[in-house]
Amino acid sequence: MAFEDLLEDPVIQKYLHELVGPKGMPVAAAPPDGEVTDEELAEELDLELNDVRRALFILYENDLATYRRLRDEDSGWLTYLWTFEYDNIPENLEEEMYRLHEALEERREYERNHEFYLCEICSIRFEFGEAMDFNFECPECGSPLESMDNNRLVTAMDDRLDSLEDELNIDADA
């Protein structure tokens, strides 16, 4: 898939934005063909050099950019030539989805296996043991803690897990 096609996908735009943030998004959204220096990118995009470098290193850490170093023979200065590798985005997104699936499964089990109490004034949630330690009174406002039904939360997690499993072709019974 070409850079242009990838960058038109709202999911990929969101993914890149989450990685590099608003200051780095111009760097991620405007990958040049071939190699480019961080200074050239900063000048071309009218951005601070540190913001460009930060975005480039985040892309590098996520296997979305590579670089090669050149040393100037006279001055000894190093120049980094960056290349964008956006072909790895679909694989990275799939890995993120597997991590999300695993985290949701763990959280669902936590929610199923614990009893919770809620301060309806402060909207603070406590596990049973914590609530008991506080004599079932909110430590912030002194209001009584009420037993909390988290079935809707667990059901929402079940639904999200089902859709992730469908998308990732995971057999839930396996």
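This is a predicted model: local features need pLDDT of at least 70, side-chain atom pairs count only at pLDDT 80 or more; totals for chains, interfaces and linings use all residues.

Entry 1. Domain 1 (3–84) and domain 2 (90–168) both contribute residues to its lining, so the largest pocket lies between them. I took these two ranges from the domain assignment of the protein chain. I then looked up the separation of the two domains: the centres of domain 1 and domain 2, taken over C-alpha atoms, are 38 Å apart.

Entry 2. I noted a volume of about 300 Å³ for the largest pocket. Its lining consists of 13 residues, and those closest to the centre are Val11, Tyr15, Leu93, Glu96 and Met97.

Entry 3. Which helix gives the most to the lining of the largest pocket? I found that H5 does, with six residues. Helix H2 (10–29) and helix H5 (89–113) each provide at least two residues of this lining.

Entry 4. I sorted the lining of the largest pocket by class. Seven of its residues are nonpolar and six are charged, while no polar residue is present.

Entry 5. I turned to the annotation record. The unreviewed UniProt entry carries the annotation "coiled-coil region" for residues 93–120. I compared this record with the model: residues 93–120 are 75% helix and 14% strand.

Terms used:
Residues are numbered from 1 along each chain as its sequence is written. Side-chain values use heavy atoms; hydrogens and water are left out. UniProt positions are given in the numbering used here, feature names are shortened, and annotations may be inferred rather than shown by experiment. Helices (H or I, at least four residues) and strands (E, at least two) are DSSP runs, numbered from the N terminus. On a 1 Å grid over the protein atoms alone, a cavity is a set of points where a 1.4 Å probe fits but cannot get out, and a pocket is an open set with protein on both sides within 12 Å along at least five of seven lines; lining residues have an atom within 4 Å of a point. Grid points are joined across faces, edges and corners, and a volume is the space filled by probe spheres set on the points. Ala, Val, Leu, Ile, Met, Phe, Trp, Tyr, Cys and Pro count as nonpolar, Asp, Glu, Lys and Arg as charged, and the others, Gly among them, as polar. Domain bounds come from an automatic or database domain assignment.
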